[in-house]
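Please keep the view open as you read the points below.

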Amino acid sequence: MPRISMHLVKLIFIFLSIVVFTLDTSAQNLEDWTAYTSLRTVNDIATISNGAIAVSTTGGVFIYEGGGVDAPIPNDRIFTTIEGLNRLDGQTIIYDESNDRLWIGYNDGGIDILQISTGEVELLEDIRRADNFSPRGINDFEIVGNDLYV
């Protein structure tokens, strides 16, 4: 059996290294990703001022603007973790008409604030982080004036 010289092993290693590192290894942009979640199980519904409804499901939040039962929901009106939600399974949802945003509460105490016009999401974790309360889930919201009651 012939012996392979150390020089040949080094050349093969260098060649393979060059081949591997010159391949196109660019990652996909986040805009290229789409989450296909089930929107069938509804946890809560909120009415929006323009007659649309916001629906919190086990697969995210969607805004339905009418058009019949079989009308497709536009992709820009479905919000999942890809679009910035903290979780998919919001337990309660309420529409804040004065600020045109949705408040989404989760069973772990997290709250997402979804700005409807821009699609931006802000996460509030104050209740989730509080150790002196158990359980910390968000069961319901109520807006009175400019105050949100949890």
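1. Reading from the N terminus, the elements follow the order α-β-β-β-β-β-β-β-β-α-β-β. That makes two helices and ten strands. Both kinds of element are DSSP runs numbered from the N terminus, with helices (H or I) having at least four residues and strands (E) at least two.

2. A word on the source: this is a predicted model, in which local features need pLDDT of at least 70 and side-chain atom pairs count only at pLDDT 80 or more, while totals for chains, interfaces and linings use all residues. Residues are numbered from 1 along each chain as its sequence is written, and side-chain values use heavy atoms, with hydrogens and water left out.

3. Some totals next. The chain has 150 residues, and 27% of them count as buried, meaning under 20% relative accessible area with a 1.4 Å probe and protein chains only (exposed is over 50%, partly exposed in between). The chain exposes about 10500 Å², of which carbon and sulfur atoms supply 54%; the areas come from the Shrake-Rupley method with a 1.4 Å probe. Among contacts (heavy atoms within 4.5 Å) with a separation of 6 or more, 38% are between residues 24 or more positions apart.

4. Now find the open sheet of four strands, ordered β5-β6-β7-β8 with antiparallel pairing. Two strands pair here if DSSP finds at least two bridges between them. At the edges are β5 (92-96) and β8 (121-124), each pairing on one side only. From one strand to the next, the twist averages 20°, taken between N-to-C directions of axes fitted to C-alpha atoms, on a scale from 0 to 180 degrees.

5. How many bridges join β6 to β7? Five bridges link β6 (residues 101-105) and β7 (residues 111-115), which run antiparallel. G105 has I111 as its bridge partner, and I104 stands opposite D112. The two strands form a hairpin with five residues between them, and G109 in the turn has a positive phi of about 95°.

6. On to the next pair: β7 and β8 run antiparallel and are joined by four bridges. Here D112 is partnered with L123, while I111 stands opposite L124. This is a hairpin too, with five residues between the strands and G119 in the turn at a positive phi of about 80°. As for cover, β7 is mostly covered, with four of its five residues buried.

7. Lastly, look at S56, which lies in strand β2 (residues 53-57). Why does S56 count as buried? Because its relative accessibility is 0%. The side chain of S56 reaches the backbone oxygen of G90 at 2.8 Å. Leaving aside neighbours within four places in sequence, S56 is in contact with several residues, including T41, D44, V61, G90, I93 and I104. I104 is also the residue opposite D112 in β7.

Definitions and conventions: Polar contact = N/O pair within 3.5 Å; in protein donor to acceptor, adjacent residues only side chain to side chain.
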